[in-house]
Amino acid sequence: MADEVTLLDFWASPFGIRVRIALAEKGVKYEYSEQNLRDKSALLLQMNPVYKKIPTLIHNGRSVCESLIIVQYVDDTWKGKAPLLPSEPYQRAQSRFWADFIDKKVFEITKKIWTTKGEELEGAKKDFIECLKLLEGELGDKPYYGGENLGYVDVAFVPFYCWFYAYETCGSFNIEAECP
């Protein structure tokens, strides 16, 4: 029996983009179901009754929720191609740490860049640049956080990168000037 995989998502969600990247890296074929976030579908409410959010992955009738958990699930389920998490326990823990940092710090700060003004906006821009410098230090001279190949931290962070122009426009600043 072939795997039945459906992704409940919204096109602009950086969290959903994570899952789409992981599925693409693994070569998993799936049905994409665009969700209206203001009028949530019965399927979304049934498959994610706790948070009622996207992304939600449905694999053979069972749901997996929360983007980083879904990415780990995809990595564990479709092992044959493009491992995202390292197999060595310490490296695996470090990858999870940096992905969690992105979720807890980067997301909250970037949300402030497009929702605040004045001193709070200036503080958010400063905090964002500090986070980027930390991430840049962790990346070092490697092409990817995963080393020579795209990995878990890359999948967690790349969706935010595609929003950099919007952050710069909303916040009236230049990211590249501080973090090339």
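Glu66 is placed in the loop that runs between β4 (62-65) and α3, where helices (H or I, at least four residues) and strands (E, at least two) are DSSP runs numbered from the N terminus. This is a predicted model, in which local features need pLDDT of at least 70 and side-chain atom pairs count only at pLDDT 80 or more, while totals for chains, interfaces and linings use all residues. Residues are numbered from 1 along each chain as its sequence is written, and side-chain values use heavy atoms, with hydrogens and water left out.

- Leaving aside residues up to four places away in sequence, Glu66 touches Tyr51 and Pro55, a contact being heavy atoms within 4.5 Å.
- Glu66 and Thr56 are 10 residues apart in sequence, and their C-alpha atoms are 6.9 Å apart in space.
- Pro55, one of the residues touched by Glu66, is found in the loop between α2 (42-47) and β3 (56-59), and the peptide bond that leads from Ile54 to Pro55 is cis, with omega near -5°.

**Residues with positive phi**

- Asn60, in the loop between β3 and β4, has a positive phi of about 50° although it is not a glycine, and with 34% relative accessibility Asn60 counts as partly exposed.
- Ser172, in the loop between α7 and α8, is another residue other than glycine with a positive phi, near 55°, and Ser172 is exposed, with a relative accessible area of 63%.

**Strand β2**

- Glu31 belongs to strand β2 (residues 31-34) and touches Val5, Thr6 and Leu7, not counting residues up to four places away in sequence.
- The C-alpha atoms of Glu31 and Leu8 are separated by 8.7 Å, although these residues lie 23 residues apart along the chain.

**The chain as a whole**

- The chain has 8 helices and 4 strands, and from the N terminus on its elements run β-α-β-α-β-β-α-α-α-α-α-α.
- Buried residues make up 43% of the 180 residues in the chain.
- Among contacts between residues at least 6 apart in sequence, 62% join residues at least 24 apart.

- The largest pocket holds about 780 Å³ of space, a pocket being an open set of points on a 1 Å grid over the protein atoms alone, where a 1.4 Å probe fits, with protein on both sides within 12 Å along at least five of seven lines.
- Of the 27 residues that line the largest pocket, the closest to its centre are Ser13, Pro14, Phe15, Ile54 and Phe107, where lining residues have an atom within 4 Å of a point.
- Helix α4 gives the most to the lining of the largest pocket, with 6 residues.
- The second largest pocket has about 450 Å³ of space, and of its 17 lining residues the closest to the centre are Leu139, Phe157, Tyr161, Phe164 and Pro180.

Key:
Grid points are joined across faces, edges and corners, and a volume is the space filled by probe spheres set on the points. Buried means under 20% relative accessible area, exposed over 50%, partly exposed in between (1.4 Å probe, protein chains only).
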